[in-house]
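Here's a quick briefing to read alongside the model. Have the sequence and the 3D view open as you go through it.

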Amino acid sequence: MKEQLEAIRKAALEAVAGPQATADLEALRVKYLGKKGELTALLKQMGGLSAELRPVMGQLANEVRAELEAAIENQAGLLERKAMEARLENEALDVTIPGKKVRMGHKHPMYSVLDEIKDIFIALGFEILDGPEVELADYNFTKLNTPADHPAREWSDTFYLTEDSNVLLRTQTSNMQIRAMESRELPIRVLSPGRVYRKDEVDATHSPMFHQIEGIVVDKGVTMGDLKGTLNAVIRRIYGENTVTRFRPHHFPFTEPSCEMDIQCHKCGGVGCPTCKGEGWIEVLGAGMVHPKVLQNCGIDPEVYSGFAFGMGLERLALGQYKISDMRLIFENDVRFLEQF
Ligand code: DAH
């Protein structure tokens with residue numbers, strides 16, 4: 001029996017040092033130490049030994065078992081470390097490989113212009129107010145003193161969303177005059193940029209969707225002088241301190257008196273050129289003193305309060321600022337175009 005035990009010890013220890021996979025090592029453990037293993041089978045024969053031999057062989061068998069168990073554990077640890085090393089090697093980070101370049105985007109040129117204008121008005125104490133593009137005809141027209149039979153309300157010009165012509169895509173940001181007066185405590189100084197919609201064919205200067213920037217100031221004692229002073233200051237911040245401006249009489253239903261503001265053509269200095277279409281002047285906005293009826297429609301007493309309002313097209317400003325000749329380029333969002341700014 002001693003020889004058998006020694007043989008198992010020798011063979012098993014040799015075998016155990018061999019396997020490179022955990023499953024093979026486990027198979028060896030079963031082969032020698034398992035219930036039907038070689039060592040176990042040998043131990044079962046112990047009963048047939050003499051009383052002197054039994055304890056000696058028993059001790060030897062236990063030694064062999066302990067030695068084998070230790071060897072298996074040792075080998076398992078070895079395999080585990082090897083596996084870990086292999087994993088670490090595979091996952092190794094090579095910091096010398098050049099990185100993937102992240103392509104940086106940037107602001108759309110029109111929004112750069114808008115942000116600049118917002119900053120100018122915020123510095124003057126204006127609040128920026130956002131409003132709905134789907135609007136009630138009441139806010140887009142009626143409360144703005146634009147009667148039901150006014151040509152601007154035609155179905156041919158306006159995108160109506162209901163048969164009864166009560167809900168529409170706003171045609172102007174002037175709806176925000178009403179919303180500002182209804183939602184704010186007086187006095188108010190509000191700037192409201194946003195999208196507007198009209199049934200216009202697309203060409204170099206028209207689009208069925210474009211942006212306007214509306215402004216309204218209502219307080220006690222506001223005059224046409226405040227309108228001119230404010231708008232002159234703003235336009236000079238945008239176009240340069242030496243910009244020459246003029247105010248021309250005009251008509252809007254919601255202002256009285258109404259005007260349009262022109263700047264002298266910065267390209268030709270007023271002589272006339274393609275940029276100003278030979279006029280020498282370029283129209284930049286519509287404005288006026290808020291009509292007393294509009295104030296009344298918002299529950300404001302025109303005997304106590306007065307105000308001025310203005311509206312300008314954002315695309316036209318951006319086109320002028322960046323010398324872009326076609327409005328379609330602003331909306332197409334071709335990165336080859338946008339990357340230039
Ligand atoms: N809403 C006008 C338009 O779309 C522009 C405008 C004119 C706005 C005069 C105003 C204003 O606030 O006072 O043509």
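**Cysteines first**

C273 is buried, since its relative accessible area is 13% (buried is under 20% relative accessible area, exposed over 50%, and partly exposed in between, with a 1.4 Å probe and protein chains only). Keep in mind that this is a predicted model, where local features need pLDDT of at least 70, side-chain atom pairs count only at pLDDT 80 or more, and totals for chains, interfaces and linings use all residues. Residues are numbered from 1 along each chain as its sequence is written, and side-chain values use heavy atoms, with hydrogens and water left out.

- C298 counts as buried too, at 13% relative accessibility.
- Searching the whole structure turns up zero disulfides (a disulfide is a pair of cysteine sulfur atoms within 2.5 Å).
- C273 is in no disulfide, and the nearest cysteine sulfur, that of C268, is 3.6 Å away.

**Domains**

- The protein splits into domain 1 (2-90) and domain 2 (109-338), with bounds that come from an automatic or database domain assignment.
- Between the C-alpha centres of domain 1 and domain 2 there are 91 Å.

**Helix α1**

- Helices here are DSSP runs (H or I, at least four residues), as are strands (E, at least two), numbered from the N terminus.
- α1 covers residues 2-16, and its 15 residues should span 21 Å at 1.5 Å a residue; the end C-alpha atoms are 21 Å apart, which agrees. The expected span of a helix is 1.5 Å times one less than its number of residues.
- L5, I8, R9, A12 and V16 are the buried residues of α1. They take up an arc of only 100° around the axis, so they sit on the same side of α1 (the arc is that of the directions from the helix axis to the C-beta atoms).
- Turned away from that buried side, the face of α1 carries the exposed residues E3, K10 and E14.
- The cover over the buried residues of α1 includes α2 (22-33), α3 (38-44) and α4 (53-91), going by contact, which means heavy atoms within 4.5 Å.

**Helix α5**

- α5 runs over residues 109-123; its 15 residues should span 21 Å at 1.5 Å a residue, and the end C-alpha atoms are 22 Å apart, which agrees.
- On the buried list for α5 are P109, M110, V113, L114, I117, I120 and F121. Their arc around the axis is only 145°, which puts them on the same side of α5.
- The exposed residues D119 and A123 are carried on the face of α5 turned away from its buried side.
- G125 follows α5 and has a positive phi, near 95°.

**Strand β5 and its partners**

- β5 (residues 209-219) is mostly covered, with nine of its eleven residues buried.
- β5 pairs with β4 (residues 188-197) in the antiparallel sense over ten bridges, where two strands pair if DSSP finds at least two bridges between them.
- R195 has H211 in β5 as its bridge partner.
- β5 and β9 (residues 306-313) run antiparallel and are joined by eight bridges.
- V217 has F308 in β9 as its bridge partner.

**D157 in its loop**

- D157 is in the loop between α6 (137-140) and β3 (167-169).
- D157 counts as partly exposed, at 36% relative accessibility.
- D157 and R198 are 41 residues apart along the chain, yet their C-alpha atoms are separated by 5.9 Å.
- Setting aside neighbours within four places in sequence, D157 is in contact with P151, A152, R198 and K199.
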